[in-house]
Amino acid sequence: MTDWIEPCAREAGTVYSSEQVEHGRKLVARDDLLTSEKQRTRLEIGDFLLDVAPMGNDESSDGSRGLIAAFAREIGITAEMAREYRCVSSRCDGALRQALAESDVTVSYSVVREAALGFSLPKDVRDAENALPKEDRELRRRARWEILLGMLQEPDRRRVTAQEFRAAIGARPIPNSPSAMTPEKIVEQLDRPDVRSAVMASVMEPAFLVEALAADPMVELKVRDSLAQAAKVVTPTEDSSAPRETDDRLVLQFRRRVNLLHGLVEMHPEQVINIADEHMLNDLESACEGVTHWARRLHSARTSGQAGVR
């Protein structure tokens, strides 16, 4: 085991190991890849940071700010993110996590952060809360958690959005976030991943789909027609000798695989190494060699017009 002691932390005798760094990097890589599990993953990262640098009795960094900053650099996140995850985890106890896990209502990390920190409350409100005695601060946080737990019990509730929860606790919208944008601004910013993700989450919400289909029974047919048009990459001519064997579903499935391939090659090599074991890395290199050969065959088939090449 290789231990590294950050110079500014040597006097305190605080140590983290290479194994801890490796585990932290894997958690951060999982957070990057599994976007639907950010709440659970970030709480795990926070718990892990609490193991590396436990909270002091006064909830301050207790002389460990340098250690947290050094460890954050090692695992690939900012010191600010590390302090946030650590603080949120310390204020989300086992009973609260169990309530979130057992509920059928989707709750994002942003909502949990709001309940734990009052992240979007006006600055004067946050400053006043932080100046309170510890018992009074805990009462304020408990009140926010009670609001969230109450929302989980609402009939037909499927999701608690950050926008809804901020409104419930009297917080401000995050500037330039999807929840704070006008419809016109959302359309302009659809190339932003966070905006596109927020739009898709709203569109796929069952309550929204039920309402849309109930308002216009033709919506489903319109959506299917739009998908069919988007899936058409080549319009066959009437004298085409090759029969069209694919349908829209097959084209869409192929598009998903192409998107997965794009997502894979966009990953940084170090991120891949942190996730995969030696056997998987060998398989990946072998697959890449096969893709290179396949790409040459595909290019050759396209340039020669042989659509039926196998």
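This is a predicted model: local features need pLDDT of at least 70, side-chain atom pairs count only at pLDDT 80 or more; totals for chains, interfaces and linings use all residues.

Student: Why are H5 and H8 called roughly parallel to each other?

Tutor: Helix H5 (residues 94-102) and helix H8 (residues 134-152) pack at an angle of about 20°, their axes lying 11 Å apart. An angle under 35 degrees counts as roughly parallel, and H5 and H8 are therefore roughly parallel to each other. Their crossing is left-handed.

Student: Which residues make the contact between H5 and H8?

Tutor: H5 contributes Leu96, Ala99 and Leu100, while H8 contributes Arg142, Trp145, Leu148, Leu149 and Leu152. By class, the residues of this contact comprise 7 nonpolar, no polar and 1 charged. Arg counts as charged, whereas Leu, Ala and Trp count as nonpolar.

Student: What makes H1 roughly antiparallel to H2?

Tutor: Helix H1 (residues 18-33) packs against helix H2 (residues 38-52) at an angle of about 160°, with 9 Å between the axes. Angles over 145 degrees count as roughly antiparallel, so H1 is roughly antiparallel to H2. The crossing of H1 and H2 is left-handed.

Student: Which residues of H1 and H2 make the contact?

Tutor: On H1 they are Gln20, His23, Gly24, Leu27, Val28, Arg30 and Asp31. On H2 they are Lys38, Arg40, Thr41, Arg42, Glu44, Ile45, Phe48 and Val52. The residues of the contact of H1 with H2 divide into 5 nonpolar, 4 polar and 6 charged. Gly24 belongs to this contact, and Gly is counted as polar in the classification.

Student: Why is cysteine 92 called buried?

Tutor: Cysteine 92 has a relative accessible area of 2%. Buried means under 20%, so cysteine 92 is buried.

Student: Is cysteine 288 buried, partly exposed or exposed, and how do you know that?

Tutor: Its relative accessible area is 43%. Buried requires under 20% and exposed requires over 50%, with partly exposed in between; cysteine 288 is therefore partly exposed.

Student: How many disulfides does a search of the whole structure find?

Tutor: The search finds 0 disulfides. A pair of cysteine sulfur atoms would have to lie within 2.5 Å to count as one.

Student: What can be said of the chain as a whole?

Tutor: The chain has 16 helices and 4 strands. Of its 310 residues, 29% count as buried. Among contacts between residues at least 6 apart in sequence, 58% join residues at least 24 apart.

Technical notes. Residues are numbered from 1 along each chain as its sequence is written. Side-chain values use heavy atoms; hydrogens and water are left out. Axes are lines fitted to C-alpha atoms, for helices over the stretch in contact, and angles run from 0 to 180 degrees between N-to-C directions. Helices (H or I, at least four residues) and strands (E, at least two) are DSSP runs, numbered from the N terminus. Angles under 35 degrees count as roughly parallel, over 145 as roughly antiparallel, 65 to 115 as roughly perpendicular and the rest as oblique. A crossing is left-handed if the near helix is turned anticlockwise from the far one by less than a right angle, and right-handed if clockwise. Contact means heavy atoms within 4.5 Å. Buried means under 20% relative accessible area, exposed over 50%, partly exposed in between (1.4 Å probe, protein chains only).
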